[in-house]
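Please look over the sequence and the fold below before reading on. The paragraphs that follow take the sheets in turn, then a helix residue, and then a pocket.

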Amino acid sequence: MNKPPVLKNINPMIPAGSDMEVAIAFYEQQLGFTTIHKEGDPVRMAIVQRDGATIFLLQNDDKHLAEWTNFRIFVDGIEQLYAEFQAKGGQMIHPNGKLETKPWGMKEFAVIDPAGVCITFYEPAN
């Protein structure tokens, strides 16, 4: 009997703005990711990872593309993660994205990266 395929995770490739060093520093220092790969001199692409979340950062000068990019990261321990980000000043938290329980049953908050990409961190409320 053949087993059906199973999708395991998603690794978004996102526009990181024109200054890759700024993007990398943000993901490392503000969001706690580790850079696991860089390409180019100057850097045109970097891969950052934290636990099971891997993000490909791509150098891109189109600010509108970044501002229309958003994705979600499933978290175990959303309140602790929110507190961690608050302890770093909390300036990365979207002004309308404070931690709250949504009508669809998820506890979530949103972060904006330097390029304007919106990342929502979430976990089930119960």
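In what order do the four strands of the open sheet that contains β5, β8, β7 and β6 lie? The order is β5-β8-β7-β6, with mixed pairing, where two strands pair if DSSP finds at least two bridges between them, and where helices (H or I, at least four residues) and strands (E, at least two) are DSSP runs, numbered from the N terminus. This is a predicted model, in which local features need pLDDT of at least 70 and side-chain atom pairs count only at pLDDT 80 or more, while totals for chains, interfaces and linings use all residues. Residues are numbered from 1 along each chain as its sequence is written, and side-chain values use heavy atoms, with hydrogens and water left out.

The edges of this sheet are β5 and β6 (100–101), each of which pairs on one side only. β6 runs antiparallel to β7 (residues 106–112), and two bridges join them; T101 has K107 of β7 as its bridge partner. Against the sheet packs α3, which touches β7 and β8 (contact means heavy atoms within 4.5 Å) and whose direction makes about 25° with that of β7. Such angles run from 0 to 180 degrees between N-to-C directions, the axes being lines fitted to C-alpha atoms, for helices over the stretch in contact.

A further open sheet, also of mixed pairing, has four strands in the order β1-β4-β3-β2. Because β1 (13–15) and β2 (34–39) stand at its edges with a single partner strand each, one side of each has no neighbour in the sheet. From one strand to the next the twist averages 25°. Five bridges join β2 to β3 (residues 45–50), and these two strands run antiparallel; K38 stands opposite A46 in β3.

Helix α1 (residues 20–30) lies across β1, β2, β3 and β4, and runs at about 165° to β4. Q30 belongs to this helix and is buried, with a relative accessible area of 17%, buried meaning under 20% (1.4 Å probe, protein chains only). Leaving aside residues up to four places away in sequence, Q30 touches A25, F85, K88, Q91 and M92.Finally, the largest pocket is lined by 24 residues, of which R50, A53, I73, F74 and V75 lie nearest its centre. A pocket here is an open set of points on a 1 Å grid over the protein atoms alone, where a 1.4 Å probe fits, with protein on both sides within 12 Å along at least five of seven lines, and lining residues have an atom within 4 Å of a point. Two or more lining residues come from each of β4 (53–58), β5 (70–74), α3 (78–87) and β8 (118–124).

Definitions and conventions: Buried means under 20% relative accessible area, exposed over 50%, partly exposed in between (1.4 Å probe, protein chains only).
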